[in-house]
There are 2 protein chains.
Amino acid sequence: MARTGDDTKQRIREAGVALLSAEGLSGVSLGALAERARMSKSGLFAHYRSKDDLQIDLLLASTEISARVVVTPAMSAAPGLPRLEAIFGLWCGWSRRAGLPGGCPIAAALFELDDLPGPVRQTVVDLEARWRGLLAGFVRGAIAAGHLPEALDVDQVVWEMTGIYLAHHAAMRLVRAADADDRAQAAFSRLIASAADDQKTQKTRE
Amino acid sequence: MARTGDDTKQRIREAGVALLSAEGLSGVSLGALAERARMSKSGLFAHYRSKDDLQIDLLLASTEISARVVVTPAMSAAPGLPRLEAIFGLWCGWSRRAGLPGGCPIAAALFELDDLPGPVRQTVVDLEARWRGLLAGFVRGAIAAGHLPEALDVDQVVWEMTGIYLAHHAAMRLVRAADADDRAQAAFSRLIASAADDQKTQKTRE
């Protein structure tokens, strides 16, 4: 019995993340999702008490998917710079590889909710901070492996990686630019080359 | 009489751009704007035939404001790299300086409409391409002045500037990070330093 409930919740979340990816948070309501998941709105109320509750859960579900298609496979790369390069490559365009119909729900939410206070916005703030913290761990891994200099401003590198990711998102999804992946890779390579060169303190050169 | 009509349209557009800046396109409808501008919905219909029509005009109005607070003042900087640096500095956080209550309406629309086809999305695509073309002109101006190398990939520089701008937007508006301006400036300086260094073809060094 519990299994069936879990399956239903799983089906609702999959339909919800697809809706969120395609239409953004403004397209996600209990009514819209009930229609998409072909169930009654009262059936949905058994799982979510409010639209905020639903939106927050779908944002969390999105990060669970990105953990699976971005973070886990990156961990099989060699520690240090290879792993940092792997997570960047896997991060760009992950929503497409995850089978989502649209772009990254978190990136869209960054801009959609920036000026709209409330618990959903707070969730986005928390998830974005958590993601930056995770990327910082990968950069620090490259420093620990001696691939990037100790004196590197880790937060600055992560900040700039976020910029490349957002530009890639816009180029790929809005502009539909064929060279989005190449441009992102070139930008990232330049960032890493300049980080490695920073203050000429690269440990492997000592 | 015509003057009064112009004034009304001006007042509607100002209220509309403020609404767009704060709530994004999903918050902009004829009903919401009528309430914000304290006029009747039928009064608004004299100016806009549809929600698409309204949203497109408010996106255009946003670019008219950014032309005034970003492009025009940048033109008073010396030609070449100083002018490119000026437009980048003026671009970051322009909506706040323009007195808008929220972030850049075009940046938000890039993410809000990426997967939603229609005439409003097409307007965003066109405005974004026009803006990149304008920035490319500033980069080419720096090349013509001998401040950046001839062999530079201009579109790549513009692409990366866009990334820094989007990261700055997210850092400033969503994260409310106090260091957003400094981070953006550091990223831009690194981009320009690496562009100037590119292939060691900097003309001023010949």
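## The fold of chain A

Chain A has ten helices and zero strands, where helices (H or I, at least four residues) and strands (E, at least two) are DSSP runs numbered from the N terminus. Written out from the N terminus, the elements go α-α-α-α-α-α-α-α-α-α. This is a predicted model, so local features need pLDDT of at least 70 and side-chain atom pairs count only at pLDDT 80 or more, while totals for chains, interfaces and linings use all residues. As for names, residues are numbered from 1 along each chain as its sequence is written, and chains are lettered from A and ligands numbered from 1 in the order in which they are written.

Along the principal axes, the C-alpha atoms of chain A fill a box of roughly 65 × 40 × 30 Å. Chain A has 206 residues, and 40% of them count as buried. Buried here is 20 or more other C-beta atoms within 10 Å of a residue's own, exposed is 12 or fewer, and partly exposed is in between, with C-beta atoms placed from the backbone. Now take contacts, meaning pairs of residues whose C-beta atoms, placed from the backbone, lie within 7 Å. Among those in chain A between residues at least 6 apart in sequence, 63% join residues at least 24 apart.

## A look at helix H5

Helix H5 of chain A covers residues 81–91, and its buried residues are Leu81(A), Arg83(A), Leu84(A), Glu85(A), Ile87(A), Phe88(A) and Trp91(A). An α-helix has 3.6 residues a turn, so residues three or four places apart point the same way.

What do the buried residues of H5(A) pack against? Helices H4 (51–74), H6 (94–97), H8 (119–144), H9 (154–174) and H10 (180–197) of chain A. Just after H5(A) comes Gly93(A), with a positive phi of about 75°.

## How the two chains pair up

The contact takes 35 residues from chain B and 35 residues from chain A. On the chain B side, the elements giving two or more residues are H1 (2–23), H7 (105–112), H8 (119–144), H9 (154–174) and H10 (180–197). H9(B) gives the largest share, twelve residues. That side of chain B has 18 nonpolar, eight polar and nine charged residues. For these classes, Ala, Val, Leu, Ile, Met, Phe, Trp, Tyr, Cys and Pro are nonpolar, Asp, Glu, Lys and Arg are charged, and the others, Gly among them, are polar. Since 100% of the interface residues of chain B are also interface residues in chain A, the copies meet through the same surface.

## Where H10(A) crosses H9(B)

H10(A) and H9(B) pack at an angle of about 80°, and their axes are 10 Å apart. They are therefore roughly perpendicular to each other, the word for angles of 65 to 115 degrees, with under 35 roughly parallel, over 145 roughly antiparallel and the rest oblique. Axes are lines fitted to C-alpha atoms, for helices over the stretch in contact, and angles run from 0 to 180 degrees between N-to-C directions.

Here Arg183(A), Ala186(A) and Ala187(A) of H10(A) meet Gln156(B), Trp159(B), Glu160(B) and Gly163(B) of H9(B). The residues of this contact are three nonpolar, two polar and two charged.

Terms used. Contact = placed C-beta atoms within 7 Å.
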